[in-house]
Amino acid sequence: MSFRFALRPGIAGAALAVILALAATQPLSAQTPVQTPAPTPPAAATPAAPAAPAQTAPPANPGQPGDAFGEDATLTAQTIVYVKGTGTWDKAFETITASLRKVKVYLDKEGIKPNGLPMTIFTATDDTGFDYEAAMPIAEAPKNPPHGDMVLGQSPAGAALKFVHRGSYDDLDNTYEAITNYLDDKRLEAKDMFIEEYVTDPATADVSKLVVNVYVLIKPSGTSPG
């Protein structure tokens, strides 16, 4: 008997019935006693495997519970010292941190303390790169204003939504995707400007454990689609 049949006792039983029927048609002298096999106890029922848990959609907020994600915010203009430039997305972190270091060197030289968190104001973006202002807020205009690619100015003001990102700078792509989905769901239209505010200093913190507040400036509701 093949191994296949050994795994299928119903087929083996049917074959045995055919053999017994053929033996009954032969002369008695040619018959040999047929031993009836002992009944095979029924196989124990195999319990059904537990169903796999249903897949659930990832939370809309990629940060931690309690983090702002779409929280209303009103930005107030601040005096800032910033480096203005252009960068590519593949080198975004290096470009921004280098610019913030330049601002810090200037502030340290002038004995000026920051009056808030470092930030990057993105003023234009496309698929390959961006225009930016890497800035530090200060309490008042310095006596020795910066020059060259370093500028004294004001940060943006107006209605915005606040989103919190935790993790590496590369993972910000996932946060921005979630932000885009959020704006689509709420039928909101963003201005062509957004701000990253660095709760952890990107120049010195563990790059895999950054905390970044993202502010998206929103157009008035009268201009939003729908």
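Which residues does Val-216 touch, not counting residues up to four places away in sequence?

Good morning, colleagues. The structure before you is a predicted model. The chain has 226 residues, of which 33% count as buried. Its secondary structure comes to 4 helices and 8 strands. Read along the sequence, these elements follow the pattern α-α-β-β-α-β-β-β-β-α-β-β. Among the contacts with a separation of 6 or more, 75% are accounted for by residues 24 or more positions apart.

I return now to the opening question. Val-216 touches Ala-159, Ala-160, Leu-161, Phe-163, Ile-179, Leu-183, Ala-190 and Phe-194, once residues up to four places away in sequence are set aside. Val-216 belongs to the largest nonpolar core, which has 24 residues. Val-216 is one of the residues with the most contacts inside that core, together with Phe-163, Tyr-169, Ile-179, Leu-183 and Val-214. The elements that give two or more residues to this core are α3, β4, β6 (158–167), α4, β7 and β8. Apart from this core lies another, of 11 residues, and among its members are Leu-75, Ala-135, Ala-160 and Ile-195.

Ala-135 lies in strand β4. Its relative accessibility is 0%, and it therefore counts as buried. Not counting residues up to four places away in sequence, Ala-135 touches Ile-80, Val-81, Tyr-82, Leu-100, Pro-118 and Met-119. Leu-152 is 17 residues from Ala-135 along the chain, and their C-alpha atoms are separated by 9.3 Å.

Next, helix α3. How far apart should the ends of this helix be? Helix α3 covers residues 92–110, and at 1.5 Å a residue its 19 residues should span 27 Å. Its end C-alpha atoms are 28 Å apart, which agrees with that expectation. The buried residues of α3 are Ala-92, Phe-93, Ile-96, Thr-97, Ser-99, Leu-100, Val-103, Tyr-106 and Leu-107. As a general point, an α-helix has 3.6 residues a turn, so residues three or four places apart point the same way. The buried residues of α3 pack against strands β2 (79–88), β3 (119–125), β4 (129–137), β5 (150–154), β7 (190–198) and β8 (210–218). After α3 comes Gly-111, whose phi is positive, near 70°.

Pro-202 is found in the loop between β7 and β8. Pro-202 counts as buried because its relative accessibility is 6%, and the cut-off is under 20%. Leaving out residues up to four places away in sequence, Pro-202 touches Phe-93, Thr-97, Leu-100 and Leu-210. Pro-202 and Thr-97 are 105 residues apart in sequence, yet 6.4 Å apart in space, C-alpha to C-alpha.

The other proline, Pro-142, has its place in the loop between β4 and β5. At 12% relative accessibility, Pro-142 also counts as buried. Pro-142 is in contact with Tyr-106, Ile-112 and Leu-152, leaving aside its neighbours within four places in sequence. From Pro-142 to Leu-107 there are 35 residues in sequence and 9.2 Å in space, C-alpha to C-alpha.

I turn to the largest pocket. Which residues lie nearest its centre? They are Trp-89, Thr-125, Asp-173, Tyr-176 and Phe-194, out of 26 lining residues. The elements that give two or more residues to this lining are α3, β3, α4 (172–186) and β7. Helix α4 gives the most, with 7 residues. By type, the lining divides into 14 nonpolar, 2 polar and 10 charged residues. The volume of the largest pocket is about 660 Å³. Phe-194, mentioned here beside the pocket centre, is also one of the residues that Val-216 touches.

Arg-187 has its place in the loop between α4 and β7. Arg-187 is not a glycine, although it has a positive phi of about 55°.

To close, I would ask you to keep two places in view. One is helix α3, with its buried residues packed against strands that include β2 and β8. Thank you for your attention.

How values were computed
Residues are numbered from 1 along each chain as its sequence is written. This is a predicted model: local features need pLDDT of at least 70, side-chain atom pairs count only at pLDDT 80 or more; totals for chains, interfaces and linings use all residues. Side-chain values use heavy atoms; hydrogens and water are left out. The expected span of a helix is 1.5 Å times one less than its number of residues. Buried means under 20% relative accessible area, exposed over 50%, partly exposed in between (1.4 Å probe, protein chains only). Contact means heavy atoms within 4.5 Å. On a 1 Å grid over the protein atoms alone, a cavity is a set of points where a 1.4 Å probe fits but cannot get out, and a pocket is an open set with protein on both sides within 12 Å along at least five of seven lines; lining residues have an atom within 4 Å of a point. Grid points are joined across faces, edges and corners, and a volume is the space filled by probe spheres set on the points. Ala, Val, Leu, Ile, Met, Phe, Trp, Tyr, Cys and Pro count as nonpolar, Asp, Glu, Lys and Arg as charged, and the others, Gly among them, as polar. A nonpolar core is a set of buried Ala, Val, Leu, Ile, Met, Phe, Trp, Tyr and Cys residues joined through side-chain atoms within 4.5 Å.
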